[in-house]
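My entries follow the model below.

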Amino acid sequence: MNHGMALDILLPILIPLAAAALSLICWRSRALQRGISVMATTGLMVAAVVLLVRVYDNGIQVMYTGNWPAPFGIVLVADLLGAIMVVLTGITGLATAIYSLATISKAHEHYGYYPLMHLLLAGVNGAFLTGDIFNLYVWFEVMLVASFALLILGGERAQMEGAIKYVTLNLVSSAMFLSAVGLLYGLAGTLNMADLAEKLAPHQDNPMVQIVAMLFLVAFGIKAGAFPLFFWLPASYHTPRVAVSSLFAGLLTKVGVYALFRVFTLIFPLGDSLIRDLLLGMAGATMLVGVLGAAAQFEFRRILSFHIISQIGYMLMGLALFTPLAIIGGVFYIMHHIIVKSNLFLISGLVYRLQGSYDLKQLGGVYRQHPWVGILFLIPALSLAGLPPLSGFFGKFIVIKAGVEAEFWWLVAVALVVGLLTLYSMIKIWAEVFWKEMPEGSTASVQQRGGTGLMVGTVVALASLTVLIGVAAEPVYQLASATASQLLDPPGYINAVLGDRS
Amino acid sequence: MLYALLGGFGVAALAAWLHRLTGRHSGWILALWPATLLLYFLSFLPDINSGTVLFFYDWIPSLQIRLSFRIDGLSLLFALLISGIGLFIVAYAGRYLEGHRDLGRFYVILLAFMSSMLGVVLADNLIALFVFWELTSITSYLLIGFNHEDASARRSALQGLFVTVGGGLALMTGLILLGQVGGSYELTELLDNGDAIRQHALYTPILLLIVLGAFTKSAQFPFHFWLPNAMAAPTPVSAYLHSATMVKAGVYLLARLHPALGGTELWSALLGTAGAVTLFIGIWLAVRSTGIKKMLAYSTVMALGTLTLLIGIGSEQALAAAMAFLLAHSLYKGALFMIAGIIDHETGSKDLRDTGGLFRAMPVTAVVAGVAALSLAGVLPMFGFVAKELLFESVLDDPRTWLLAMVVAGAVMTVAVAALIGILPWYGQPVATKKIPHEAPPALLAGPVVLATLGLLGGLFAPWVDQHLLAAATSAVAGTPVNPDLALWHGINPALGLSLFSLIAGLLLYRWHDGFRTATAFTDTLAKRGPERGYDWLMAALVRIAETQTRFFQSGYLRYYLMITLLTSMSLVWLVIGMKGDGLRLHLDLRDVQFHEAVLIFTLMAGAITAARTTSRLGAVAALGAVGFTVALLYVMFSAPDLGITQVLVETLTVILLVLVLFRLPGFLKLSSTALRVRDAIVAASVGVTMTALVLFALDARLYDSISHWHIAESLPSGYGRNMVNVILVDFRALDTLGEIFVLALAAIGVLAMIRLRAEDKRHE
């Protein structure tokens with residue numbers, strides 16, 4: 001058994017933790033905190049890319065914390081899915097950090113914005129890299145408290161209202177998660193995911209095992225914002241600073257999706273099971289309800305929030321179909337979606353900076369005044385709607401192809417209609433915010449505030465990534481394909497963690 | 001080849017800048033690009049009869065998506081039309097929109113559109129074709145909505161986009177299926193595989209999906225309504241997209257896939273019916289319009305219907321007719337649209353009734369309009385005549401006589417429309433127009449002159465056109481070499497008779513068209529109930545459903561959210577128990593329960609019930625405290641003293657803090673009715689009962705022994721601690737503890753920020 005310390009797995013957790021601690025030490029100095037923030041997120045992104053390359057070249061990487069052998073201590077495991085998610089966290093984190101420099105008020109910076117952000121990133125990365133189910137719970141808690149604190153930062157009435165719904169419903173998820181872990185420990189006597197996978201493999205039909213699996217589905221379904229458990233998301237995402245919204249939109253629900261992918265490929269692989277049927281239904285309903293929710297909104301960020309939900313449906317569809325191609329599609333979709341969604345929120349913030357409103361009925365004429373902002377919006381917006389040759393098209397294409405091959409016609413039909421309705425929403429934003437003239441008597445105003453350079457820079461960088469994923473879809477597909485093979489090979493994971501004992 | 005296509009996007013990207021650089025003559029400069037393309041495509045002409053030329057570039061080989069392109073008769077015909085007409089359109093636009101503040105942006109989108117359209121007709125890979133197909137949808141959306149400060153332009157643009165992209169999604173599914181059935185996305189392989197595809201069980205869904213995509217794009221009934229509305233676009237766009245190119249993409253696709261999918265009864269019935277109905281409705285609406293652009297747009301609908309009909313019939317003659325009709329239509333319709341733009345530009349009139357006697361002021365335009373209108377009417381010796389003869393002959397051979405009736409009626413009305421456009425604005429009494437009319441500048445005239453002349457030359461040299469292009473195009477559509485032998489004069493036959501009849505009847509209709517319009521006004525109410533109403537209704541329904549649904553799910557009340565979340569969770573758990581629960585056993589054995597244990601349990605339950613029922617805040621805190629301390633005692637009893645101590649500390653602190661905070665608040669108000677409280681109690685109880693049941697099930701379901709024996713054994717020798725819990729917390733599972741420490745830090749920062757930031761806000765106020 002390999003007991004070596006593999007520091008590169010730890011770094012994506014350690015860097016933001018250290019950055020948070022340093023920022024707390026520099027509590028009084030905004031300048032230092034800003035510097036730390038950019039350096040740490042840059043470092044995080046580099047460390048994440050290094051880790052991904054290593055996993056891609058050498059297979060699954062494992063670190064035994066405290067050198068305690070698995071399954072007795074806690075292991076950190078970086079497989080391709082985990083490493084990809086960490087890279088995406090790095091990208092989103094860096095984008096948020098830079099965007100924050102231009103948008104976060106002094107008061108927020110004085111009261112712990114940066115340490116909170118770093119701890120959120122640490123929690124997210126911890127969740128992606130841990131190989132221990134209880135440790136996963138701990139990272140979920142870190143994320144939950146960090147995100148709650150970020151949500152209420154500023155203390156406006158709307159924020160409080162949203163944050164209370166957010167935290168209450170997420171605590172329900174935590175309770176389910178913890179109960180499931182407890183029951184699971186009672187059944188299998190272990191918490192290590194690889195060990196669990198190995199021990200439960202012959203007992204998948206055991207009713208108690210299935211009940212526990214169902215509890216995980218509910219707990220992670222709430223986190224992922226799946227139907228009918230998504231209420232916390234549209235209630236809260238439009239209330240905080242836009243950089244925070246963007247970070248949440250990109251990452252938080254995807255941690256839930258990641259957990260579903262992990263648990264339902266490794267510990268409870270979806271066969272022709274009840275859970276799979278449920279997940280298929282959930283995927284369809286999530287897509288549809290989310291996109292219809294968006295069609296009823298006239299607030300920039302609320303529209304985007306509902307679209308997070310509907311897009312989660314596509315990822316769940318990838319998982320639920322459970323063919324190799326479908327998993328590839330799901331992974332591809334996650335990669336595409338995180339970047340596009342964060343970017344759309346950042347653009348809503350840019351529009352807010354230019355005109356001082358998020359209300360579609362008040363905004364207008366942005367394309368006339370700032371054609372480049374219009375183009376920058378169109379790239380992620382059309383990508384989200386799945387128009388070629390942008391990244392979203394290939395995500396949708398793969399998932400739908402998988403659905404067609406598996407002959408789930410109703411789900412394919414839902415996915416197609418939802419694609420069209422997504423376009424409807426994006427075009428609504430485009431027509432109202434960018435094309436339409438600003439209505440007379442609008443409360444919005446053309447603001448000539450400077451300092452949009454950093455904001456635009458961030459948006460441009462993310463938009464370029466979106467284009468790149470589309471144009472160079474082949475390498476991204478290869479990566480997703482390798483990831484899917486790993487996910488569909490639980491013995492590979494088990495052997496990497498517990499050592500080859502066959 | 002790749003440069004020819006992607007270069008177009010490059011030129012598009014630079015177009016705004018080039019426009020600023022070259023100023024007034026930017027149109028001519030930018031037209032150099034389509035001119036280059038035209039020459040490039042012309043260079044394929046001499047060898048086109050010798051077969052297909054292919055180009056490959058890998059894109060996503062893992063998904064079999066390649067940028068592969070083919071040049072055969074069909075794609076070359078389209079490519080020549082796109083680049084040739086494109087050349088004049090760009091030059092035309094430069095003058096037509098001269099001084100428009102967004103002309104630069106216009107070029108960008110127009111050139112991007114042109115490249116996308118070329119991609120559609122040249123792609124050999126179905127997915128690549130689809131990528132370009134969608135690009136034409138989105139670029140045409142931007143073009144239709146070019147005057148985007150106008151709400152109706154935005155609405156029309158959305159309509160066009162929604163209809164075409166909606167069809168596009170069906171098309172994508174159809175193409176995926178076709179690829180699956182045919183084993184490849186490459187047309188080269190699929191087109192040779194027609195028999196296998198037609199016999200496959202999935203043939204019908206494939207055909208329906210692909211035809212849906214093609215019909216929406218090519219404005220076939222009942223999707224025809226978006227096209228006339230798309231006339232909100234500036235005239236060069238209407239002339240280009242909505243006559244010569246984009247709307248023909250659907251027809252192109254049908255023609256292209258004819259060897260793979262065509263020839264079945266379903267094919268013939270679908271395309272024949274839709275084509276004939278579209279043809280008739282299109283020309284009916286055209287002859288009833290008075291707006292020049294509207295009239296031309298509806299006659300385009302007629303032409304698209306005719307093409308679909310011919311491809312549906314599918315005989316060699318019909319396919320030859322389709323290719324000839326396509327060429328003829330592109331030439332005269334491009335010219336006529338540009339002339340409509342000239343009338344608008346030079347006189348300010350958009351309606352036939354506001355024009356008259358313009359011949360004196362603009363003789364060249366008038367003559368060109370006349371020539372183009374003759375081709376539209378299908379009069380000897382125009383190329384339109386050749387196409388019309390072939391059309392009649394093909395329909396005469398088809399057993400469905402009602403098709404013939406529709407086609408002849410269509411032809412009569414087409415002649416009337418041609419006469420209206422070719423005569424009414426130019427001759428007779430001059431009508432006062434908004435601007436003083438004068439002859440159009442060369443940039444505007446170049447296109448119509450060249451296209452109309454080609455329409456005439458095409459007729460005169462029909463065999464030449466046939467040998468050098470149309471025979472190859474027809475062969476590509478038929479899938480086998482065909483030699484249609486096009487000629488201007490087919491001898492005296494039934495088709496000629498029909499042609500003459502339509503000419504005379506059409507002129508009579510023109511003579512009395514005012515009366516006709518009045519007499520048929522009743523169809524307007526019918527048209528208002530047409531498919532466009534359906535579209536509007538769908539859009540309205542979408543918003544209504546969305547709002548109702550969102551009010552229901554996202555009500556804004558936390559209690560409903562909680563209720564749905566909890567009830568969903570519990571029902572899912574019970575679903576598993578119900579379906580798979582054989583072998584579960586409630587491990588409920590009360591014989592060993594001791595008295596003090598029972599007392600504790602009752603205290604616990606009493607505490608919980610009191611906390612829920614009391615109307616005093618302090619009472620609730622006290623009751624919760626009782627619950628907490630009882631739990632601590634339970635820990636102690638089950639030999640976990642350290643947990644018990646922790647619990648006591650936490651409870652003490654919580655109670656003290658809560659009392660401090662709540663002391664100042666008034667008592668609870670009872671706001672909810674008894675019924676609601678009962679409902680809430682049921683929800684709460686269901687969760688409690690379920691969780692209890694799960695625990696009792698679990699007691700009996702142990703599969704493996706815990707790994708904790710290792711922790712017990714290794715605690716001292718490896719962890720150097722006698723207190724095993726300590727060793728676990730700070731060593732074996734130290735990472736958990738680290739995480740929890742940060743959770744505490746986070747909570748502290750959060751509380752601090754919340755209190756202090758609010759306090760500062762108040763101070764500012």
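I began with the strands of chain A. Strand 1 (residues 61-64) pairs with strand 2 in the antiparallel sense over four bridges; strands are DSSP runs (E, at least two residues; helices H or I, at least four), numbered from the N terminus, and pairing needs at least two DSSP bridges. Met63(A) stands opposite Leu76(A) of strand 2.

I then checked the faces of strand 2 (residues 75-78) of chain A. Val75(A) and Val77(A) on one side, and Leu76(A) and Ala78(A) on the other, are all buried (under 20% relative accessible area, 1.4 Å probe, protein chains only). In a regular strand, side chains alternate between the two sheet faces.

A note on the source: this is a predicted model, where local features need pLDDT of at least 70 and side-chain atom pairs 80 or more, while totals for chains, interfaces and linings use all residues. Residues are numbered from 1 along each chain as written, chains are lettered from A in written order, and side-chain values use heavy atoms, without hydrogens or water.

Next I took the interface. I found 104 residues of chain B in contact with 115 of chain A (heavy atoms within 4.5 Å). The two chains bury about 10000 Å², 76% of it on carbon and sulfur atoms (accessible area lost on being put together, 1.4 Å probe, summed over both). In chain B, Tyr704(B), Leu735(B) and Leu746(B) lose the most area to chain A, together 7% of what that side buries.

I counted three salt bridges across this interface (Lys or Arg side-chain nitrogen within 4 Å of an Asp or Glu carboxyl oxygen). Arg368(A) forms a salt bridge with Asp102(B), with the closest N and O atoms 2.8 Å apart.

Definitions and conventions
Buried means under 20% relative accessible area, exposed over 50%, partly exposed in between (1.4 Å probe, protein chains only).
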